[in-house]
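Me: I've got a model open here and I'd like to go through it piece by piece. Can you take my questions as they come?

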Amino acid sequence: MTGLDVVIGLLGLIAVGAALMVAVTRQLVHAALWLVVCLAAVAGCFLVLTAEFLAWVQVLIYVGAIVVILLFGLMLTRAPIGPVTDLSRPRRLLAGTVAVAVGAVIVTALLMAFGGATIDLSGAPQGDATTTGTVIFRAWVLPFEIISLLLLSALVGAIALSRASGDEVDS
Amino acid sequence: MTPALAAILVPALAALVGLTALGRSRRAAAVAVGGALVTFAVTAGTAIANVVDGVADSASYGLIPNGTAPMQVALRLDGLSATVAIMVAAVALAVQIYSVSYLGGDPRYPSYAALISLFTAAMMLVVHADDLIILLIGWEVMGICSYFLVAHHWELRDARRAGVKAFLVTRIGDIAFMFGIFGLGLGSGTFRISDLELLVGDDLMAGNTLTVVTLLLLAGVVGKSAQLPLQVWLPDAMAGPTPVSALIHAATMVAAGVFLVARLYDVFLAAPATLAVLAVIAAITMLGAALAALVQPDIKRVLAYSTISQLAYMLAALGVQAYEAGMFHLITHGAFKALLFLAAGALIHVVGTNLLPEMGGLRRIMPVTFVTMTIGLAALIGIPPFSGFFSKEAIFVGAEEAIHDGSAATAWVPWFVLVVAMITVTVTAAYATRLWLLAFFGTRSAPAQPHEVGWTMRGPLVVLATATVGLGVIGLRNDWFPAWLDRLTFTVEPAGITDLVPAEATLLAPGLVTSIASLVLAAIGAGLTYLSWRRTTADPARLLGRLEPVLDRGFGVDSLYDRIVVRPARRIAAATLVADRDVVGAAVTGSGTVSQRLGAAVRRSQDGDLQRYLTVLLAGTVLVIVAAWIAAGT
Amino acid sequence: MHLAVPLVIASALFAIGVYAVLARRNAVLVLMGVELMLNAVNLLLVAFDVYLRDTLHTGQALTLFVITIAAAEIGLGLAIVLAVFRGSATIDLDLLRTLADHDDGPDHDGPDHDAPDADEDHDTTIGRQAQRSGSPP
């Protein structure tokens, strides 16, 4: 059990704990904030794993953009501020069981396959900007372009959705 | 083309061509009468060749193997078939000519004429068949044709019911008949009649088995020839057109039963118990039918019961081993009964009703019909010199001989037959006289068309009357009719089986004692009727008082059958209907309902709750993974 | 370090994400659950990339792409949620039952036709909270 294990373990605990809060808290806005904590912790994990570029991308986009959009969504749908009773449905038990089962399956499969492996983190960092940029614009340039097209279509789609439903409501 | 094949194919072809003439009565008439004419020519030629030379021919046109005894499409021509064939062809020709004017205005005449041709072909097939299965085919085709023809006026309820009744009752006999044929064929290893005749000499099969088999065959005979207990269909079948009654119910189809016994006579001779049973049944039927004929108001029903009675005479003769006498009566009866039916048809045509009490005094209006019908009735009663006298006397002589020749065990059977036959002569004379008096004498009825019938209807009457007069003489010499029947003179290939010696030809001349006795009894019967008629010019049958309704209903046999067969069958049919509707039908609709309810039940899970859908989906996926793990692990 | 640690963390995150998707009534919170799941996947990808010392850095590239797609998805997802909100005045998944199949046929449920009812529920919910918290919504 090296020091890195401990660090990543702590970060992981924070992430899991925050995720749990996202899943069970009764206050809607608090859920979004707990999500921020979780995502930040995951970014920390990335850092420990020497994937620096990804860690900052994670913070920028996930924490910076996505959570903000989620907060906007909560606001525009008039989510109540303060605790809401019955926020989770009564059939939580089944959902919980299924979630636990899914987790168990995944963890078992992974541990059975890679349980004893160790990551060798000595040497050059695997995920610094140079390396990542080089690999993206050389080996992964085609998916990169396609992804940008996808972003464009998502943008157009979101606008179309907003306008269409707006027209419907007005008429 | 052997004459046998021609005699079958020509009327069949006429029937087929007749189907193209549906809706065109003139063409249908031409085809039907033409076909009947050609058939008559062929059979007449064969009969003449038989008289001159004797014909004996058997040809097989194909073998149908079936795992056990093979069936052969075999036809045979011998004295018996030639003699009966010409009778059938002659009556068929007479009926076809008669029908042209009797049913001329009927829109369904073409199909009727085609069916008569088909019927003739089927009867020819029975007469010429040398294989039991081929005979059965002709037998059944006759049955279905008779159904169609009896129910010709199917818009009348009586006709429909009569057709169904005729078909079903003969069917009951036919089922036992079929089993008899199977037993005979499979037990002896061959269905071919020529082979069976030869095998009988070599101890065909165990005695008891043979008796059972022949009794089954007898059931078919009893059904077709309308004897007790299956005689109930024939009086009701009079609902069909009169020419149909003349052809089918007087001369041909009902004679097929008698013909069968004659054709398989060697087999029957090997089972004397069956012949005894036949004789007793025939004797009882003889008298019962004659008594029933005494009170019928419908002229055709009188003739129907009379047919049953006369058929019983023939079968009784065969039962007491008076083979030639029975066949002699078959031929003469064919002539005079056809004559009587056609003449009755003429009467009905003119008066417009079947009922005797409403006729009367017709002898002045219809002289030709009067004379010919009188000749026919005289033959029926058995008055010399008409043919009926000779054939009936031949039967009495045969019975007498059987009494002398017979073994002690069954000696009472010919006695019984002789006594009952004599009594029946009286009753026959009585009902014949009643018919004659009520129709032609007495107060004149007011017929719609007060004139004699046309020549197409009179012609056949005259021809048949001539035959009735003339046929009596053919039995007088040994080398005439008995020799024509050609019993047991069959040569068969391969060589090695010698000619069988012809049975000694029975003399068919009338015996003195029986002749006088029968004439006296006939005179008594006729005289009693005449006196009753003089007493009351209404129906003399009234005088029978309380006995009349019993006799009118045929001794209640019909109502008995109605109670023990028809009503239970109807109840079973109703129950089957209910079962089909409520059980089978309900199961079918039920499966639909069950599917719908299942669907509704499953649909309840589709309540729009997306998260629950996902939950179940994921749970299922996890389960599948775990199961795959476990399966891979073990 | 042991590879097992990031693996366990990722699995736990994934399980919690599943729970959030399956058990939350508010549609936006369901989207948050989806984000949790995506993060778990990202963590796995990066961990394996580093473990395998992939020269093409497949894991990291894919993680980048996943983050991008997540962004696109959340944009569209929220557009849809807002559209639903405009149509039915609620994003409570328990009340959005338009996918239901009824014996008399589809489209017999769903707040579109029951707009007054939905508002009622919504108001009741809000009303209850107002009583609880005492603070203006």
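Predicted model: local features only at pLDDT ≥ 70, side-chain atom pairs only at ≥ 80, totals over all residues.

Me: What share of the residues in chain C is buried?
Reply: Chain C has 137 residues. A residue goes into the buried group when its relative accessible area is under 20%. For chain C that group comes to 54%.

Me: On to chain A. Which element gives the largest share of the nonpolar surface patch?
Reply: The patch is formed by A:I14, A:L20, A:M21, A:V24, A:W34 and A:V37, with about 460 Å² of accessible area together. Two helices of chain A give two or more residues to it, α1 (3–24) and α2 (28–48). The largest share is 4 residues, and it comes from α1(A).

Me: Still in chain A, is A:T50 buried or exposed?
Reply: You'll find A:T50 in the loop between α2 and α3 (52–76) of chain A. It isn't a glycine, yet its phi is positive, at about 60 degrees. Its relative accessible area is 15%, and the cut-off for buried is under 20%, so A:T50 is buried.

Me: Now the largest pocket. Which element gives the largest share of its lining?
Reply: About 1300 Å³ of space lies in this pocket. Its lining takes in 38 residues, and B:D158, B:R161, B:A162, B:K165 and B:D236 lie nearest the centre. Among the elements giving two or more residues to the lining are α6 (157–188), α14 (299–319) and α23 (557–603) of chain B. The largest share, 10 residues, comes from α6(B).

Me: Which peptide bond is cis in the loop that holds B:P229?
Reply: B:P229 is in the loop between α8 (207–224) and α9 of chain B. Omega is near -5 degrees for the cis bond, which runs from B:L228 to B:P229.

Me: What is the phi of B:A226, roughly?
Reply: B:A226 is also placed in the loop between α8 and α9 of chain B. Its relative accessible area is 0%, so B:A226 is buried. Although B:A226 is not a glycine, its phi is positive, at about 55 degrees.

Me: Which residues is B:T274 in contact with, leaving aside neighbours within four places in sequence?
Reply: B:T274 lies in helix α13 (residues 272–293) of chain B. At 0% relative accessibility, it counts as buried. With those sequence neighbours left aside, its contacts are B:T211, B:T214, B:L215, B:L218 and B:F268.

Me: Last one: what is the relative accessibility of B:S245?
Reply: B:S245 is in helix α10 (residues 242–251) of chain B. Beyond its neighbours within four places in sequence, it has contacts including B:M238, B:K300 and B:F341. B:S245 counts as buried, and its relative accessibility is 0%.

Note on methods. Residues numbered from 1 in each chain as written. Chains lettered and ligands numbered in written order. Heavy atoms only, no water. Buried < 20%, exposed > 50% of the residue type's maximum accessible area, 1.4 Å probe, protein only. Patch = residues over 30% accessible without salt bridge, like charges linked within 9 Å, V, L, I, M, F, W, Y side chains within 5 Å. Areas by Shrake-Rupley, 256 points an atom, 1.4 Å probe, with all protein chains shown as cover. Salt bridge = Lys/Arg side-chain N within 4 Å of Asp/Glu carboxyl O. 1 Å grid on protein atoms, 1.4 Å probe; cavity = no way out; pocket = protein on both sides within 12 Å on 5 of 7 lines; lining within 4 Å. Points joined across faces, edges and corners; volume = space filled by probe spheres on them. Contact = heavy atoms within 4.5 Å.
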